[in-house]
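The following explanation is intended to be read alongside the sequence and the three-dimensional view. Please keep both at hand while following the paragraphs.

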Amino acid sequence: MTSDALAARTLALVDIPSESHDEAEIERYVAEAVPREPAYAEDSALFYPPRNDGPFVLLAGHLDTVPAQGNLPGRIEDGAVHGLGASDMKGGVAVMVELAQRSELDAGFLFFGREELPAEQSPLGGFFAACPRVREAVLAIVLEPTDNTIQAGCLGNLDARLVFHGRSAHSARPWLGENAIAAALRGLAPIVELEPRDVEIDGLVFREVLTVTTIRGGIATNVVPDRVEANVNFRYAPGTTPADAEAHVRRLAAGADVEIGGNSPPAKVVARTPLVDRLRAAGGFELEPKQAWTPVAQFTNAGIDAINLGPGATRYAHTRDERVEIAELVRTYEALSRFLGTV
């Protein structure tokens, strides 16, 4: 496999618009490029099992992107493929497609859509329920952008809307009302002042953080407001359950009405297994914690060991100048070739 071929495949994928909910064209492209029949092709998911029966390694990646930012069509320049989704994660998908064309490497391949949307819109839940063969995977490698490091586990992701109530009044006579903004300032103070909490698992340090991300309130410049809404985002470490995370937010937000908008659980940390050790050796990869949420959580919560490893640079994901270095595509491809050749 040459660097030119990997770059050309990545550029071809970049140039197929595939914003979430609009993945049909890129699904057709992948189906034509992979030289075997899928065992599952439903609801924006394509699964190609290994040719042989028994346990297998699964390579997985999403086909969708965030909305374009004037970065289509793509181009090859200065040793990189530039364009929408190049880093997150059409470079990883290109590596998957090229590996799937090699008959001597017996792995499974899963391409899916709607990853850039809230987790409850993912097709993976339906896929896991409908395709029991996938549960024979001994390791899923999700080719999210990781700067070619192995990133184990991932944080849970909870969003909550906090509503603070007051009583409206004329701003010239504020003592006749109750200012909801003042209530919000008092109620949000414990959250704003909360220090990050480091949680160590298998020698990897995950950082729990709780952040106020939006706030809305006020009626007019001469009215004491009677309602303020704020959103808080809680990124919580593996080992904390969704119920415990929700309870933590409710304790901190005493005095507010709390509505949970979404709560995606963290991933099990898969870091010290023989397969992960062999993968590290195949590419000389560093091992890090995943300080974000990714679909590895959906795999590990379905009982499948999973890690993140991809050629994309996290600093370029979702940016206007998104790109992936061609040398990093080659590194991922060659390392996975060596690894799959030993499984």
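How many helices and strands does the protein chain have? The chain contains nine helices and 18 strands. The model is a predicted one. Along the principal axes, the C-alpha atoms of the protein chain fill a box of roughly 80 × 40 × 35 Å. The chain has 343 residues, of which 53% count as buried. Among contacts between residues at least 6 apart in sequence, 79% join residues at least 24 apart.

The account may begin with strands β1 and β2. These strands run antiparallel and are joined by three bridges. Together they form a hairpin with two residues between them, and D43 in the turn has a positive phi of about 45 degrees. Within this pairing, A41 has L46 of β2 as its bridge partner. In a regular strand, side chains alternate between the two faces of the sheet. Strand β2, residues 45-48, has A45 and F47 pointing one way and L46 and Y48 pointing the other way; all of these residues are buried. Strand β2 also pairs with strand β6, residues 108-112, in the antiparallel sense over four bridges. In that pairing, Y48 stands opposite F109 of β6.

The aromatic residues come next. A search of the whole structure finds seven aromatic pairs. One of them is formed by Y40 and F127: the ring centres lie 5.1 Å apart and the planes stand at 70 degrees, so the pair is edge-to-face, the class for angles over 60 degrees. This pair links distant parts of the chain, since Y40 belongs to strand β1 (residues 40-42) and F127 to helix α4 (residues 124-130), 87 residues apart. F128, like F127, is buried. Ring pairs link Y40, F47, F56, F127, F128 and F299 into a cluster, and F47 is one of the buried residues of β2 described above.

Helix α5 bends by about 25 degrees at R186, and the proline P190 follows within four residues. Its buried residues are A180, A183, A184, G187, L188 and I191. The elements covering these buried residues include β9 (156-165), β12 (204-217), β14 (227-236) and α6 (242-252).

Leaving aside neighbours within four places in sequence, F285 is in contact with N148, I150, L279, R280, L309, R331 and A335. Of these contacts, I150 lies 135 residues away along the chain, and the C-alpha atoms of F285 and I150 are separated by 6.3 Å.

Key:
Residues are numbered from 1 along each chain as its sequence is written. Side-chain values use heavy atoms; hydrogens and water are left out. Rings of Phe, Tyr and Trp (its six-membered ring) pair if their centres lie within 6.5 Å; planes under 30 degrees apart count as stacked, over 60 as edge-to-face and the rest as tilted. Buried means under 20% relative accessible area, exposed over 50%, partly exposed in between (1.4 Å probe, protein chains only). The bend at a residue is the angle between axes fitted to the seven residues ending there and the seven starting there. Contact means heavy atoms within 4.5 Å. Two strands pair if DSSP finds at least two bridges between them.
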